[in-house]
Amino acid sequence: MSEHATRRAVLWRTAEVPGGTALALSRIALAILLAGFALATVVGFDLSLRVQAAVYLFGMVAMNLPHGGFEHFDNLRRRSASFQLRYVGLYLGSIAGFVALLFVAPVAGLALALGVAIAKGGHGGLHVMDATYGTDHLQTRPQRALAALVRGGAVMCVPIVAFPETFHTFSALMVDIFEPGGLAAVSQYFPLTRQLIGVGFGGLAIAHLALGYVRSAGTGSYVADAAETLLLVAYFAVVPVVVAVGLYFPLWYSLRQVARTTAVTSDPAADGEETADGLLTILDSDDTRLVALGAWGVLVAGSVATFGLAALLWLLSPQPLGGGGYLLGGVAFWSIFVSIIALPHVVIGSWFDRERGIWYVP
Ligand SMILES: CC1=C(/C=C/C(C)=C/C=C/C(C)=C/C=O)C(C)(C)CCC1
């Protein structure tokens, strides 16, 4: 049996698959939240928006951000100095472009933020499948793109339909950071876009599930993909949106990237550039203490840069909390900020760097 086939065969029965434990944990975590909130809905228990906001900030800042740092750290190791500098330059350039867009056209900036969350969730998820139980049922590039769109789309399209008022409230706060009252001009279209997104996403999800079934005869990787896709749709339909998104990134996206990293045992091939002159050669030292110190140094530098950028955005924004107070406004500010830094994460760290990038799969 091939390595992939073996992984597929045991995926649902045991965690003895590379990365299988992290995959299993991500599914269990979302299933527990889904069951808990389904029960809460039945008994009529409502979580206040302030508590939801606190959960979001805890999930996104305390739990998810460190993993984002690790992804860049891991990607920038063993790269030539010229690549590392080009990467950082492009990264900062796209951050500056996104910030400029938010000031000039905040509603378009909000749309881009949603797009970034969808792209990160979807394409990140696709590569996790590639590395773990395989994607034999996804046979063409458009079909892979569809799979990514549906997985990522679940994160934003399902809550727009399921929790329209909360979605609207936070969208308005996010625009208010840059232009107070800026969403009002397009708010009248919200019911229409909600319907279009609902029907469009539903159609794409059905197309993805049907096409995968036809191409795989309903076996192997298809079953795992279909079950996970349905789990995601149910999770975002039932768990209140702020909690759902705030815990999806640490408990699903990041945990599953851990599965991918664990499943990928070979380092990427040299990219033809001289890596010995890289700025992080300390990380390849034979002395594990030096490696640990080097890793600590890189992560501290990343952390200072990240919070420095957040502080700069805060100072530049006319109304950093969108007028929403620390908790609700904090969610709005952090969602915008994390989307700004996640844009290059997807575009520079992954699409520009397809061969070896952040979602590397041999
Ligand atoms: C619009 C909207 C939201 C948007 C969240 C976004 C845009 C999150 C982006 C996260 C990213 C890019 C994470 C990367 O690791 C909330 C807060 C869920 C509340 C409901 C309305």
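In this predicted model, 39% of the chain's 362 residues count as buried. The radius of gyration is 21 Å, and a compact globule with 362 residues would have one near 21 Å, so the two agree. Along its principal axes, the C-alpha trace spans about 55 × 50 × 35 Å.

The chain holds 13 helices and zero strands. Read from the N terminus, its elements run α-α-α-α-α-α-α-α-α-α-α-α-α.

**The ligand shell**

The ligand is surrounded by 19 residues. The closest are Ala-117, Phe-170, Val-245, Ser-335 and Ala-342. By class, the shell has 13 nonpolar residues, five polar and one charged. Four helices each supply at least two shell residues: α5, α7, α11 and α13.

| Helix | Residues | Contribution to the shell |
|---|---|---|
| α5 | 106-131 | at least two residues |
| α7 | 164-176 | at least two residues |
| α11 | 241-263 | at least two residues |
| α13 | 325-351 | at least two residues |

**Helix α11**

One of these helices, α11, deserves a separate look. Helix α11 has 23 residues. From first C-alpha to last, α11 reaches 31 Å, close to the 33 Å expected at 1.5 Å a residue. Where does α11 bend? The bend lies at Tyr-248 and is about 45°. A proline, Pro-250, follows within four residues. Is α11 largely enclosed or open? Of its 23 residues, 19 are buried, so α11 is largely enclosed by the rest of the structure. An α-helix has 3.6 residues a turn, so residues three or four places apart point the same way.

**Ala-162**

Ala-162 sits in helix α6, which covers residues 141-162.

Definitions and conventions: Residues numbered from 1 in each chain as written. Predicted model: local features only at pLDDT ≥ 70, side-chain atom pairs only at ≥ 80, totals over all residues. Expected span 1.5 Å × (residues − 1). Bend = angle between axes of the 7 residues up to and from the residue. Buried ≥ 20, exposed ≤ 12 C-beta atoms within 10 Å, placed from the backbone. Near = placed C-beta within 6 Å. Nonpolar A, V, L, I, M, F, W, Y, C, P; charged D, E, K, R; others polar. Rg over C-alpha atoms; globule rule 2.2 N^0.38 Å.
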